[in-house]
Structure formats: structure tokens, C-alpha cells
Amino acid sequence: MDIKINKNTVVVFDLDDTLYNELDYLRSAYKEIAEFLDPGDWKALYSKMFSLYRCKDNVFEFLSTTHKTEIGFLVAMYRDHHPDIELFEGVLDVFNAIKSKNGKIGIITDGRSKTQRAKLLSLGILNYIDKIIISEEIGSEKPSSANFEAIENALTGAEYYYIADNLKKDFLAPNTLGWKSVALIDNGRNIHFESHKFMTPENQPMEWIMSIKDINIE
């Protein structure tokens, strides 16, 4: 899809499963936890953890029982670790193209401030972003319009885009506010995969893309 950019264009992105696969954050955290709990045989433990996760078993309960470790400690390790994650192919090309046209870039993401900012730092994109809205920091989660209005208040523009992946909560507010909404279709590795339940007109985006590389900045 084509997006025409000028100084009055604000392109806002979701983070998890839009700029990278959140499953890779989980894998990164599991690896760090496994290395901590069983440094001599961490790969076998990691493999079991990931298998338990895929089978929808409680991984932290398993670890708490087998390694005599408090669940709260494990959850803190998960949330506070420094993630090893990578951007989807094409993200930096799109960011550079937007900036070359004097457009603005924002992020609207749900989650804890420390966790989400660690992801952004690991992805190496902080210098591109003009405004970051994180649910914990403003006390509001999508689909609340407050998160999107916070972008409007921070970044003056004539045209706003929101590019995200979760039909349950991502597009209700921007559709209502008159933004142009774009859905990145699940690549088969998304954490949330129940979009088929939310194919109503108000939940659906204006445009669909298979890949970030499908965005052409003009």
C-alpha cells in the first residue's frame, strides 16, 4: 500500500507482533531463565519450557515446583530481562523513508513501561520515534481512545495512520477518530491469534498488509 508523507503526516505503530514477533521476546526470556536455573543443561530445560508453553501449560508453576523457585521471582526475571529480539524485515526502510519526508513516527503499545521500553531499546529504534504511548504510563489501555488522543495532543498532524495487528482492540479507537487504520496479517507466530472472532466493521482496519515491506512511502 502507498502512504504519502509530508510534515503533517503522523504514522503510528503498535509494537508487539507489529514491529517484531512477541514470541521472540518470550523465547529470549525463557532462555535467560533456563540458563539461570540450570546452567549445565539449560537447553533441555528451555526446550521443555517452550513445549509446555505451546501446550498451554503453566511454565512458571512447573519451574517453581521443579526448581524450588518463587513464581514471583520468575515472573520478574521474565519481565525485566534485556530481550534479544529483532525487527521485522523492512521496518527500518519504512522508518527511514518516513523521516526523509519529514513525517512523524509514534508508538502506541499496551504493557508495562520498563518491559516495553526495554523492547524498543533492544530493537534500536528509539531515535526514530517522536512519541511513545505506553498503557502503564498513562493509565489507559487500548481500545480506549485516550491512548490515541495522547498522540494527537503530542504530535500535530493533518493525517494519522495506525499500523497494528490485533483486531480485538487495535482499530476501534483510530477508526472512530478518523485515522487510517492498517492491519498487519498474522505471520503464523503471533501471540494473539483470534482475529476471526472480531471481523466486525468497527474492528476491521481500512487496509490489510501481509508484511511491513508492503508499505510504500511516497
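**Helix packing and local backbone features**

Helix 1 (residues 22–37) and helix 2 (residues 42–54) pack with their axes 8 Å apart and at an angle of about 140°, where axes are lines fitted to C-alpha atoms, for helices over the stretch in contact, and angles run from 0 to 180 degrees between N-to-C directions. Helices (H or I, at least four residues) and strands (E, at least two) are DSSP runs, numbered from the N terminus. The model is a predicted one, in which local features need pLDDT of at least 70 and side-chain atom pairs count only at pLDDT 80 or more, whereas totals for chains, interfaces and linings use all residues. Residues are numbered from 1 along each chain as its sequence is written, and side-chain values use heavy atoms, with hydrogens and water left out.

Helix 1 and helix 2 are therefore oblique to each other; angles under 35 degrees count as roughly parallel, over 145 as roughly antiparallel, 65 to 115 as roughly perpendicular and the rest as oblique. Helix 1 passes helix 2 in a right-handed crossing, a crossing being right-handed if the near helix is turned clockwise from the far one by less than a right angle, and left-handed if anticlockwise. On the side of helix 1, the contact (heavy atoms within 4.5 Å) is made by Leu23, Leu26, Arg27, Tyr30, Lys31, Ile33, Ala34, Glu35 and Leu37, which meet Trp42, Leu45, Tyr46, Met49, Phe50 and Tyr53 in helix 2. The residues of this contact divide into 12 nonpolar, no polar and three charged, with Ala, Val, Leu, Ile, Met, Phe, Trp, Tyr, Cys and Pro counted as nonpolar, Asp, Glu, Lys and Arg as charged, and the others, Gly among them, as polar.

Helix 2 also packs with helix 3 (residues 59–67), the two axes coming within 9 Å and crossing at roughly 140°, which makes helix 2 oblique to helix 3. In this contact, Leu45, Lys48, Met49, Leu52 and Tyr53 of helix 2 meet Val59, Phe62, Leu63 and His67 of helix 3, and by class the residues are seven nonpolar, one polar and one charged.

In helix 8 (residues 146–154), Asn147, Phe148 and Ile151 are buried, that is, under 20% relative accessible area, with exposed meaning over 50% and partly exposed in between (1.4 Å probe, protein chains only). These residues cover an arc of only 100° around the axis, which puts them on the same side of helix 8, the arc being that of the directions from the helix axis to the C-beta atoms. The buried residues of helix 8 pack against strand 2 (9–13), strand 3 (104–109), strand 4 (131–134), helix 7 (135–138), strand 5 (159–164) and helix 9 (172–177).

Several loop residues were also examined. In the loop between helix 7 and helix 8 lies Pro143, and the peptide bond from Lys142 to Pro143 is cis, with omega near 20°. Asp17, in the loop between strand 2 and helix 1, has a positive phi near 65° although the residue is not glycine, and counts as buried at 2% relative accessibility. Asn102, in the loop between helix 5 (91–100) and strand 3, likewise is a residue other than glycine with a positive phi, near 70°, but Asn102 is exposed, with a relative accessible area of 56%. Leu126, found in the loop between helix 6 (113–123) and strand 4, counts as partly exposed at 37% relative accessibility; not counting residues up to four places away in sequence, Leu126 touches Leu120, Leu121 and Ile132.
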